[in-house]
Amino acid sequence: MVIPLLEAIDIEGKDVTADALLTQRKLAAYLVQERQAHYHFTVKGNQPGVLQDVALFFQDRQQPDFVQHTPPDHGRIETRKIWTTTELNGYVDFPHVGQAFVVERHSTEKKTGICSCEIAYGITSRPPEQADPQRVLQVNRGHWTIENCCHYILDWNYDEDRSRIRTGYGPENVTRLRRFAIGVIKSKDVRSVAQKMRELTRNVRSVFDFLRMTKNSCKAACC
């Protein structure tokens with residue numbers, strides 16, 4: 001279904017990022033050949049041959065091509081390392097590969113000192129001349145920024161994973177309502193969606209004031 005959705009969007013020259021579910025040869029060929037765009041795909045078990053080749057190549061990686069240290073926000077310290085290669089371009093069974101890469105993310109919780117390490121493999125159609133390791137990492141982070149801004153808010157604030165609404169169109173309708181509510185809050189340039197949700201919970205008058213649906217809020221807006 002992703003190809004019909006992309007038909008209505010101008011993506012020429014742009015990077016299209018996707019989770020492993022959409023790491024498909026047909027989509028890669030469509031993006032590069034028909035739309036003159038570029039892909040940035042995560043490689044996981046649904047493409048076992050590609051995953052095996054990329055993981056094997058980077059098994060004995062040496063010094064990273066680029067290292068990024070992020071500010072200690074959100075109570076953790078993060079370091080990201082990336083390695084890239086063009087040596088698999090003509091070897092892996094996937095169209096239009098410009099580079100393969102691996103991203104290693106180290107995270108340390110400041111309060112507990114607990115450390116974690118995540119490794120993600122990927123491929124992109126952009127060659128090194130168009131995307132150095134720093135840019136490849138930037139695109140990779142940009143994908144997860146979208147993931148965090150959308151899905152993380154739903155999972156964290158609404159606890160969707162434990163929702164018991166499972167029959168008929170119930171899950172779809174409730175999710176649309178939740179997304180609509182988050183969209184309304186974001187449209188007001190709110191700093192924290194979670195904090196604003198806590199302020200508005202079970203307070204109908206605050207909701208109407210926030211939406212400027214009361215006389216007092218209308219007067220304040222005019223002033």
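**Sheet architecture and packing in the predicted model**

Within strand S6, Tyr121 is the bridge partner of Val102. The model is a predicted one, in which local features require pLDDT of at least 70 and side-chain atom pairs count only at pLDDT 80 or more, whereas totals for chains, interfaces and linings use all residues. Residues are numbered from 1 along each chain as its sequence is written, and side-chain values use heavy atoms, with hydrogens and water left out. Helices (H or I, at least four residues) and strands (E, at least two) are DSSP runs numbered from the N terminus, and two strands are taken to pair if DSSP finds at least two bridges between them.

Strand S5 (residues 99–109) and strand S6 (residues 115–124) pair in the antiparallel sense over 10 bridges. Gln99 is placed opposite Thr124 of S6. The hairpin of S5 and S6 has 5 residues between the strands, and Gly113 takes a positive phi near 75° there. These strands belong to an open sheet of 6 strands with mixed pairing, ordered S1-S2-S6-S5-S4-S3. Its edge strands, each pairing on one side only, are S1 (15–18) and S3 (66–70). From one strand to the next, the twist averages 20°. Axes are lines fitted to C-alpha atoms, for helices over the stretch in contact, and angles run from 0 to 180 degrees between N-to-C directions.

Two helices pack on this sheet, with contact defined as heavy atoms within 4.5 Å. Helix H2 (residues 25–34) touches S1 and strand S2 (38–43), and its direction makes about 160° with that of S2. Helix H3 (residues 48–57) touches S2, strand S4 (76–85), S5 and S6, and the direction of H3 makes about 120° with that of S6.

The chain passes from S1 through H2 to S2 in a right-handed β-α-β crossover; the term applies if, with the strands pointing away from the viewer, the path from the first strand over the helix to the second runs clockwise. In a regular strand, side chains alternate between the two faces of the sheet. In S1, Val16 and Ala18 form the covered face, while Asp15 and Thr17 form the uncovered one.

Accessibility is classed as buried under 20% relative accessible area, exposed over 50% and partly exposed in between (1.4 Å probe, protein chains only). The buried residues of H2 are Leu27, Ala28, Ala29, Tyr30 and Leu31, and their cover includes helix H1 (2–6), S1 and S2. Just after H2, Gln36 takes a positive phi of about 50°.

S2 also pairs with S6, in the antiparallel sense over 4 bridges, and Phe41 has Ile123 as its bridge partner in S6. A search of the whole structure finds 4 aromatic pairs. Rings of Phe, Tyr and Trp (its six-membered ring) pair if their centres lie within 6.5 Å, and planes under 30 degrees apart count as stacked, over 60 as edge-to-face and the rest as tilted. Tyr39 and Phe41 are stacked, at 4.6 Å centre to centre with 20° between the planes, and both residues are buried. Ring pairs link Tyr39, Phe41 and Phe94 into a cluster. Phe57 and Phe58 form an edge-to-face pair, at 5.2 Å centre to centre with 85° between the planes. Of these two residues, Phe57 is partly exposed at 33% relative accessible area, and Phe58 is buried at 3%.

Leu154, in helix H4 (residues 133–158), is buried, with a relative accessible area of 2%. Apart from neighbours within four places in sequence, Leu154 is in contact with Asp159, Glu160, Arg178, Arg179 and Ile182. Leu154 and Met197 are separated by 43 residues in sequence and by 12 Å in space, C-alpha to C-alpha. Ser206, in helix H7 (residues 204–210), is partly exposed, with a relative accessible area of 24%. Not counting residues up to four places away in sequence, Ser206 touches Glu199 and Leu200. Ser206 and Leu56 lie 150 residues apart in sequence and 56 Å apart in space, C-alpha to C-alpha.
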